[in-house]
Amino acid sequence: MCGICGVHSAEAPDPGLVRRMLAVLTHRGPDGSGYYRDERVALGHTRLAIVDTIGGVQPMCGEDERVWVTFNGEIFNHVELAADLRARGHRFRTRSDTEVIVHAWEEWGPGCFDRFNGQWALAIWDRRSNELVLARDRFGVRPLFYTRAGGKLLFASEVKALFADPDVPRELDPAGIDQVLTLWSTVAPQTVFRGIEQVPPGSYLTFRDGIETGCTRSWAPTFAAQGSEPRTDLAANAEALRERLVAATRLRFERSDVPVAAYLSGGIDSAVTAVAIAALRIEDSTDVPLHTFSLRFADDEFDEGSYQTLMAKRLGTVHEDVVVRERDIAEVFPDVVRHAESPLLRTGPAPMFLLSRLVRESGFKVVVTGEGSDEVLGGYDIFREGRIRELWTRDPAAAEAAVEQLYPWMKRSPHQAPAFAKSFFGRNIVAGDPAISHRPRWDATAVLRSMLTAEVREACDRSPADEVVAAMPAEQAGWDPLSRAQWLEMTTLLPGYILASQGDRMLMGNSIEGRFPFLDPNVAELASRVPADHKIHGMDEKHILKVAFADLVPEEILRRPKQPYRAPDAAAFFAGGTPDWVFDVTSVPALEAAGMFRPELVQRLLEKARRTDGRRLGNTDNMRLVAVLSAQLLHSELLAGPVAGPAAPPEPLTVFDRTLEPIGRNPAQP
């Protein structure tokens, strides 16, 4: 895990600019930094040393220096790929997965990305073809942004690093804000910053002479046509899922030269990954116990501590947790938004930031987590809601009865208010709508647009929901409804929020690498080839996962009601005292300077929150409040003032300056 950045220009890039970009990315790689520079390109890297901690210094090149790479992430099958490449005549100087990328590109070109099992954002500078290639992993685990300014092409792991160049304008993009206020996140290549784009997941961009020559999608989520699934035996599929998940978890645990810990959320996903790791330690006769970390809440409505403790005791792990109170969320929220680089609709990322801080303070750099399971195996309520909405088009009475099974964790479940349930599930239903599962969420969040100024609303001339639906592949017509819902989730919420705002950014904000076995390509491929009722059986979500691990996961966790991860929202900012920054960013001058929200509506919302300590706001008002606070913080933290960051990149700094050197210089000589 690392931070990467770079510049392509008509003349040798300014080393001062590269150093400033590296300094901003220190939190992503505090263990060292380096850059390569020649007459056209500079590649920068800040390092979090995990694999080959001595030899894996970046940027890195091949024997003849014709191919250079700067890389953020992990290629988990690098050992197997290196063996293949050695058999083909390639010579290696290190044990790092970065060097595997160099030789894989030399051998297979862009086809190498199909061979990688990992999570990556990388830049390859191929001096043979004068091409710069930017690539991102299948699901978008690792971020990569780019822009053009002052005759230069710039790219970086985070937008803050792009802002280190004064030629890059710092403005919000209404289209990006509109996407967040409808879809919860932007959809690549869109971002919330004007003129700045992101490489789409599963894609690579090629630039020649600084001009983009193409964006190629090397991978996209796809599913078997309904009724023609090649794997239809539940028992066999459950066994295969278990084998692939155990292999994926162990691969992510073993391929590290530093200790690896695990998250325990209290649900089945993290229980499965922890079980796989614990079993491996027993097989290897390792006497060092697994270290696990959990997030707890002082408010019982959000807390899952009893299940976390149960699993930790069952596995005999060394367990630590952080108990989050409402005021903790408010205090850390400015840091959270600065790292997220996006408006937020929920405070959920804040506790995750506090959890990763605990991991770092405990001396770890890597954690294995259960993210991705809900998207791959059909675990979210939105998938079950979609099933009910589909049923509503055929049998409204049966659909109404099924609502009762949806929210056993919710104090004010919709089934307790039949009129509301009918309004929610029966609204905006059109038989055959490929997005029937997501319309309620999109409709609910799109209401937030009423807070925007007239100027911003007028600039949003496209419907984010319509754009996403229009981008669905033609073959979706043959998929079952669950597959269509999964595609939508994998395209919107997963890369833009779960893996970004709540994932990579909150982990890397404390220099922690997250690893996600459920997003292993072998696991995802299997899940896409099984019938929908193996994933949601009746109303039982992730049914195949429960069958696969029934003998290893405690019954209390295996059969517990689904409880989605949530955190206090408005109450975090008003119930335990309101921090000064809330008043600062929501003052009329601050609102007018940002130009996003109507001051009179914001003031009414704030007064409503004050009267109730934020505890009795409805779902929509909670989202409104968090959206306003986070968007205003985004303007304050990233756009209105100087770019935050250390004065210099992390030491040691390794420089490969080839502006005066011919191709072929010994790469061992810095």
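The second largest pocket is lined by 23 residues, and Val187, Ala188, Arg217, Trp487 and Thr491 lie nearest its centre. Here a pocket is an open set of points on a 1 Å grid over the protein atoms alone, with protein on both sides within 12 Å along at least five of seven lines, and a lining residue has an atom within 4 Å of a point. This is a predicted model, in which local features need pLDDT of at least 70 and side-chain atom pairs count only at pLDDT 80 or more, while totals for chains, interfaces and linings use all residues. Residues are numbered from 1 along each chain as its sequence is written, and side-chain values use heavy atoms, with hydrogens and water left out.

The pocket has a volume of about 430 Å³, meaning the space filled by probe spheres set on the grid points. Helix 19 (481-491) gives the largest share of the lining, three residues.

Let's turn to a pair of strands. Strand 11 (residues 203-208) and strand 12 (residues 211-217) pair in the antiparallel sense over six bridges; two strands pair if DSSP finds at least two bridges between them. Helices (H or I, at least four residues) and strands (E, at least two) are DSSP runs, numbered from the N terminus. Phenylalanine 207 has glutamate 212 of strand 12 as its bridge partner.

Conventions. 1 Å grid on protein atoms, 1.4 Å probe; cavity = no way out; pocket = protein on both sides within 12 Å on 5 of 7 lines; lining within 4 Å.
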